[in-house]
Amino acid sequence: MLQTRDIIWGLLVIGCAAAIQVQITPAQGEISVGESKFFLCEVTGDAKDIDWYAPSGEKIVPGTPDLSVTRNDEATSTLIIYHASVDDAGNYKCVAKNGDQEAQTTVPVKIFQKIHFRNAPSPQEFNEGDDADIICDVDSSPPANIIWKHKSSRIQPAKDVRYAFLENGHLQIRSIKKTDEGPYTCEARVMARGEIDFRTMSVIVNVLPTIRARQSEVNATADIGSPALLACDADGFPEPTVTWAHNNVDLETGEKYSLNEDGSELIIKDVTKVDEGDYVCKAKNKAGEKTEEVSLNVFVQPKITFLNNQTASEFDEQVVLTCEASGDPTPTISWSFGNRVFTEGEQSIDRNVVVRSHARVSSLTLKNIQFTYAGQYLCTASNSIGQDNQHMHLEVRYTPKILGMVTVFTWEGNAANISCEVDAHPEASVVWFRDGFQLPANATNMKIYNTPPFSYLEITPESQSDFGSYNCTAANMMGSESKEFLLIQAVVPSSPEILQVEPFSSTAVVEFEEPESSGGVPIIKYRVQWRLAGREWTTKEYHVGDDMTTVAIVGLKPESNYEVKMSAINGKGEGESSLPGSFKTKPVREPSAPKLEGKPQNGGNVLKVKWTEQDDGGSPIKHYLVRYKATHVSDWKPEIRLPYSSEYVVLSGLDWDTEYLVYVVAENQQGRSIPGVLRYRTDVEPTSVPDKLNRGSGLGTGAIVGILIVIFFLLLVGVDVTCYFLNKCGLLMCIAVNFCGKAGPGAKSKDMEEGKAAFTKDESKEPIVEVRTEEEHTPNQEGRGPTEPNETTPLTEPDGKAVKDENGKSETEVKNATTEVKTVPNEAPQANGNESKA
């Protein structure tokens, strides 16, 4: 039997079974913005409809944006939220209905924002000195906490007041510097989710350009084809570009201007005056721009722009010469005429020459015009950078002026020219008169030659009547002028006066004074006569030389009394003789010192010593003795003895760049003269240069040397054979005597003839003396007549003593004619007979 309790529970079970129940899975949802998510609504019991409602209460129907509802089967339905946004957040409701029965449930949906860097650009650029706002915009829900880092180090505004975190999360750097440049990290953190993300941005600090002109003022000269360089140096970041402008016009590379690669240098080609002014150099980059001015000063060299020739007449009141010039700075203008320079103001006491200048114009005023004013005038314009010169010609017309000597001397039968020099402008015509009658152009004894500015009257006097006055008359359009010329009969000169006689042993020097009167024509010769007392006169004529006041007579006997007189000779004839003068020659004595002259020869270390014999002391010169040495050493080279007829010696093989002392002594029967002395320095040794002409030769150096050795050997053989047959000497002679016991043909008793130099080698290291005879003489030396000295060289006896052999020994004598001696180091002459080396 059923109990009541069981019946009640059964009824409850049946009632419950008939009710509708709804459940949403998942029970709640969190969706990140932009993500999609679905929810499943499950119904227990029979449900005819299953519907979804949005948080706004509106039923979600197909076609709702970003929301989708799908009835899966009789008991489930799915809600899909696509690409969720913040607006999609809220409670979504699922409702199940079956007739009057209804069941529902809700699901809360939260939409959250993940960390999103909405605006964090890189790079971010700022100008140095600006307050930089480094942007980092972050979206998140809940809002993220922002941490800033610089070069991996966390920025802490508390430690550096230049940093500040703005409310929007940006980083501010006050007065940003170039050193602040680099990578910055913006790090976002959401503590609720433990979410973290970051962005690294490059911060660039641009630096405003700085610009500096190398020269604030540049000077240039115009019209000389030279360029001008203007330069500015710029710094900044980024690297600034430099441009140039003049008169607000940008300059570019072209025919007139040239810019270098970075624009820092501007070259102005062919500078002219119009290029002068201020030039602006501008440096520009992202941070801004800066400018600098450079002034170009263009100077202009002076240039004379106006200067004309002028014409005036003698005795005109005045003429003005004008000179204009351009230039910058303004040039000063001066005038010159010959050696005379005219400057601003009055140039003469008589005020006949005045210079006035104003700005770029100068005038030279000449008053009371004289014919001497004619000629070339020089205008000079000058300033600090140069000058310009130009000539102008002043033509002055004037009456003829007759110049020339008024007296002319001649004699019968000797032609003479009377010269009438005419200075005139325009050119004048010339006529000659005698006693008022015009002379013909050609006559028997006179002719007229006209070669402006001269007119010559050539007269050959035939009698006394041809002497006298002749008139020269010159005329042109300005007037005429006449002048009388005298043709005078010349006479013989007066007698010269003997002032003193300086006697020597075999010569004497006569000093005289010229005649008071030359007779009107030049003296051409002097006749000198001398004699022993009671003997006949010896005569010699001496042609007149410049400033001739002495003559030398030679061939006198020693210690003898002489008389001397002299007369002058001109074209007319010989004048009277002077009063005789007396003198006595000196006894026989040693000669006077020779006069030396040195001439370098080819090579630079070769010296030719030439001497001139002076007074021989009344006894013939026997020979000359030559000694020489370098001045820095004490030892003399071996003494060289040369024949009386020798005139020079050649010293070769001398040391380079060395001063030498040379003594030459003349010796006669009475002894030796004091030495003639010569000092000479040899040339610096030249640098040897390889012979470039040998390049390309087919023979090498070894082949050439071999050929030379063969040629030398053949020459030695030839010389040896010649010596064997002619002089019975040499290698063949040695072989013949020692091995065959025979003497060669033409054997001589001596190895060398007397008078020839011997050659040998010893350990003295002295030079070989080479004697070359140019002209053979075999005079009787004892009987030789006295030698006449050079008439143009005063005969004086030098001070000093004869140089003696240091060892008291005799010298090597070489009895040859004019001799040339060469020295070669390390060899010495062989002594002759009983003579020894000096």
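Buried means under 20% relative accessible area, exposed means over 50%, and partly exposed lies in between (1.4 Å probe, protein chains only). By that scale Glu-181 is partly exposed, at a relative accessible area of 21%. This is a predicted model: local features need pLDDT of at least 70, side-chain atom pairs count only at pLDDT 80 or more, and totals for chains, interfaces and linings use all residues. Numbering runs from 1 along each chain as its sequence is written, and side-chain values use heavy atoms, with hydrogens and water left out.

**Overall make-up**

- The protein chain holds three helices and 62 strands. Both are DSSP runs numbered from the N terminus: helices are H or I with at least four residues, strands are E with at least two.
- Of the 838 residues in the protein chain, 38% are buried.
- Among contacts with a separation of 6 or more, 64% join residues 24 or more positions apart. Contact here means heavy atoms within 4.5 Å.

**Strand pairing**

- Two strands pair if DSSP finds at least two bridges between them.
- An open sheet of five strands runs in the order S36-S43-S42-S38-S39, with mixed pairing. Strand S36 (407–410) and strand S39 (437–438) stand at the edges with a single partner strand each, so one side of each has no neighbour in the sheet.
- Within that order, S38 (residues 429–434) and S42 (residues 468–476) pair in the antiparallel sense over five bridges. Ser-429 is opposite Ala-475 in S42.
- Strand S21 (residues 241–246) pairs with strand S25 (residues 277–285) in the antiparallel sense, over six bridges. His-246 faces Tyr-279 of S25 in the pairing.
- S25 also pairs with strand S26 (residues 288–307), antiparallel, over nine bridges. Asp-278 stands opposite Ser-295 in S26. S25 and S26 form a hairpin, with two residues between them.

**Salt bridges**

- A salt bridge is a side-chain nitrogen of Lys or Arg within 4 Å of a carboxyl oxygen of Asp or Glu. The count by this rule is 27.
- Asp-137 and Arg-118 meet in one of them, at 4.0 Å from N to O. This pair links distant parts of the chain: Asp-137 is in strand S12 (residues 137–139) and Arg-118 in strand S9, 19 residues apart.
- Arg-118 also bridges to Asp-139, at 2.8 Å from N to O. Here too distant parts are linked, S9 to S12, with the two residues 21 apart.
- What is the relative accessibility of Arg-118? Arg-118 is at 51% and counts as exposed. Asp-137 is buried at 13%, and Asp-139 is partly exposed at 23%.
- Lys-178 and Glu-181 form a salt bridge, with the closest N and O atoms 3.0 Å apart. Lys-178 is partly exposed, with a relative accessible area of 26%.
- Arg-212, Arg-214, Asp-233 and Glu-265 are linked in a network of salt bridges.

**Two loop residues**

- Asp-88 sits in the loop between strand S6 (76–81) and strand S7 (90–98). Asp-88 is buried yet has no salt bridge, and Lys-37, the nearest side chain of opposite charge, is 13 Å away. Lys and Arg count as positive, Asp and Glu as negative; His and the chain ends are not counted.
- Beyond four places in sequence, Asp-88 contacts Ile-81, Tyr-82, His-83 and Ile-111.
- Lys-114 lies in the loop between strand S8 (101–112) and strand S9 (116–119). Lys-114 is partly exposed, at 40% relative accessibility.
- Not counting residues up to four places away, Lys-114 touches Ser-32, Glu-35, Asp-139, Ser-140, Arg-193 and Glu-195. The C-alpha atoms of Lys-114 and Pro-142, 28 residues apart along the chain, are 8.7 Å from each other.

**Aromatic rings**

- Rings of Phe, Tyr and Trp (its six-membered ring) pair if their centres lie within 6.5 Å; planes under 30 degrees apart are stacked, over 60 edge-to-face, and the rest tilted.
- The whole structure has nine aromatic pairs. Phe-454 and Tyr-456 form a stacked one, 5.7 Å centre to centre with 15° between the planes. Phe-454 is partly exposed at 28%, as is Tyr-456 at 27%.
- A charge sits over a ring if NZ of Lys or CZ of Arg is within 6 Å of the ring centre and within 35 degrees of the ring normal. Lys-565 has its charged end over the ring of Trp-537, 4.5 Å from the centre. Arg-162 lies over the face of Tyr-163, 5.8 Å from the ring centre.
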